[in-house]
Amino acid sequence: MAFLCGNFLRNRCSFYLHMNWTRHFQLCKRADFPLKKKTPFSVCSPKIPSNLRVCATSPYVAICGNVRTVCSRIGSVQTQWGHHFHTSTSRRALPAPLLWIVLKPLQKILAILLGRSLRKWWGSLPDNRRQLIHEWLRRRRWHLATGAGVALVIVALLLLTHLDESPVTGRIRLLVFSREKYMELATLTSEAHLEEFAELLLPVTDPLHQMVEQAVQLLAQRNKDIPEVSEVPWSVHVVESPQINAFVLPNGKVFVFTGMLGAVADLDQLMIVLGHEMAHAILDHSAEQASLSHVVDLLSLILVTAIWALCPGDILAVVGGWAKDKLTELMFNHPYSRKLEAEADQVGLHLAAKACADVRAGPVFWQQMELVDNLTGNPTLPEWLSTHPSHRNRSGQMDRLIPQALELRETCSCPALSPVDPRVVFSKTVSELLVKAKEQGVRGLKGTHKPQPVSVSVGLPVSQTVLASPSKVDRFNKDRVPAVTSPLLTAAGEGSQHVLQNTNQQGS
């Protein structure tokens, strides 16, 4: 528009026009009219005679001239040409991880089609042509090996440029997708979950929601020294469902199912579970796992193409592809996932310790989960076939981290812990349950792991974690969804009270 106005006024005005496209755009300059420079454009000086004034300005142009002639003509030009210039509405591009998820099946299909085409092409060649190709490959084998080596070096350099340091642990990991990209994907995911659970969300006035809200806010407040915690607006959504689950998205959206509230025995266990899920979001585990999966999938496309090119038939190629997928899961995906879960357990325990929770309740929670699985007869996969460590191994690993977590808790000016160790109480309770079950001939406890006795240190520092009013805690204990409906759990509750009384008497 400025260019058209300049051409129009060039023949009508007596001004000398000068265009500077690099930085400023001046269309109003005369030898006897001083110009006053401003950023980012120049406008005419107020010393211009009264019959001349600025008629139109833009970031790149200032036009001076007679009000009646110049301004009217500019208006006519804008009326004549203005409707040809318009801008389209901005559209947000899809996040890179989402595009990868969409294109992932397409890449595999293209690799299958390429390998199958190569097999068909090779099968259609006469013997003499095949012999010539073999000779050509043999003569140039060193060239091909050199090219493959250069390609591997390039891939290695690309991977090295995407190494990143974990925020809390300082571990070096591969991160193809940035945190910002995954924040965009987390926004889309949270919107989808809110729409899915719209009718199941508890109101913010519900005591269960308020209890979880206070727990999350306490964890966030006590760990605000971590930038990934303080920079995220944490919000809680409690879903009324018997599913024992909880997860936290990278954008701070916390989803807790009432089934999980029924699985935890007290507020300390809830804090440790929430700390574990928040640790996943803080450490960008979703982006890290997707990055590894992305690289492995891209490299496996070569293997997929080779399988479909070398297998004599489509059925064998399908079987080979299935075997390749299973080996990839067992060798890369599952071990890496278990590693991230163990790291989240460690960091989550430290988050809970800084929030003054009784970290000794952490191992007890996983022992409870193991007991529930045995009572309900739920089939449990071997650890090497699972994406998560077994309950027994998680309990043992967390038990080894307790001394370090207690030292961290001491440095945070937390109130003193009770001298009664919940691990000891649970261990004695399960021992009594096993004896009673053996006497009554109750089935379902076969293979149950008997917790090892834990030595209780005298004079442990201690705490009373207050997350909700007594009425809310009572509501939590009363209305929570039971993880298992069995007389043994009732007996467990009675046994734990009995053991707790005995322990208190011994301690006193």
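Colleague: Where is the kink in H14, and about how big is the angle?
Modeller: H14 bends by about 40° at Ile402, shortly before the proline Pro403. Keep in mind that this is a predicted model.

Colleague: Noted. How many residues does H14 have, and what distance does it reach from its first C-alpha to its last?
Modeller: H14 runs over residues 391-410, which is 20 residues. From first C-alpha to last it reaches 28 Å, close to the 28 Å expected at 1.5 Å a residue.

Colleague: And which residues of H14 are buried?
Modeller: They are Arg394, Ser395, Met398, Leu401, Ile402, Ala405, Leu406 and Arg409. The kink position, Ile402, is one of those buried residues.

Colleague: What do they pack against?
Modeller: Four helices: H10 (267-282), H12 (314-354), H13 (361-376) and H15 (422-440).

Colleague: Take H13, then. At what angle does it pack with H14?
Modeller: The angle is about 165°, and the axes are 8 Å apart. H13 and H14 are therefore roughly antiparallel to each other, as the angle is over 145 degrees. The crossing of H13 past H14 is left-handed.

Colleague: Which residues make that contact?
Modeller: On the H13 side there are Gly362, Pro363, Trp366, Gln367, Met369, Glu370 and Asp373. H14 brings His391, Arg392, Arg394, Ser395, Met398, Asp399 and Ile402.

Colleague: OK, now H12. Is its crossing with H14 left-handed or right-handed?
Modeller: Right-handed. The axes of H12 and H14 cross at roughly 35° and come within 9 Å. From H12 the contact includes Glu341, Asp345, Leu349 and His350, and from H14 it includes Arg394, Met398, Ile402 and Arg409. Arg394, Met398 and Ile402 also take part in the contact with H13.

Colleague: Changing topic: I clicked on Gln269. Which helix does it lie in?
Modeller: Gln269 is in H10, one of the helices that the buried residues of H14 pack against.

Colleague: Is Gln269 buried or exposed?
Modeller: Buried: its relative accessible area is 2%, and the cut-off is under 20%. Leaving aside neighbours within four places in sequence, Gln269 touches Ala263, Val264, Ala361, Val364, Phe365 and Gln368.

Colleague: Last one, the whole protein: how many helices and strands?
Modeller: There are 17 helices and 11 strands. Of the 508 residues, 41% are buried. Among contacts between residues at least 6 apart in sequence, 69% join residues at least 24 apart.

Conventions. Residues numbered from 1 in each chain as written. Predicted model: local features only at pLDDT ≥ 70, side-chain atom pairs only at ≥ 80, totals over all residues. Heavy atoms only, no water. Helix = DSSP H or I, 4+ residues; strand = E, 2+ residues; numbered from the N terminus. Expected span 1.5 Å × (residues − 1). Bend = angle between axes of the 7 residues up to and from the residue. Buried < 20%, exposed > 50% of the residue type's maximum accessible area, 1.4 Å probe, protein only. Contact = heavy atoms within 4.5 Å. Axes fitted to C-alpha atoms, helices over the stretch in contact; angles between N-to-C directions. Parallel < 35°, antiparallel > 145°, perpendicular 65-115°, else oblique. Left-handed = near helix turned anticlockwise from the far one by under 90°.
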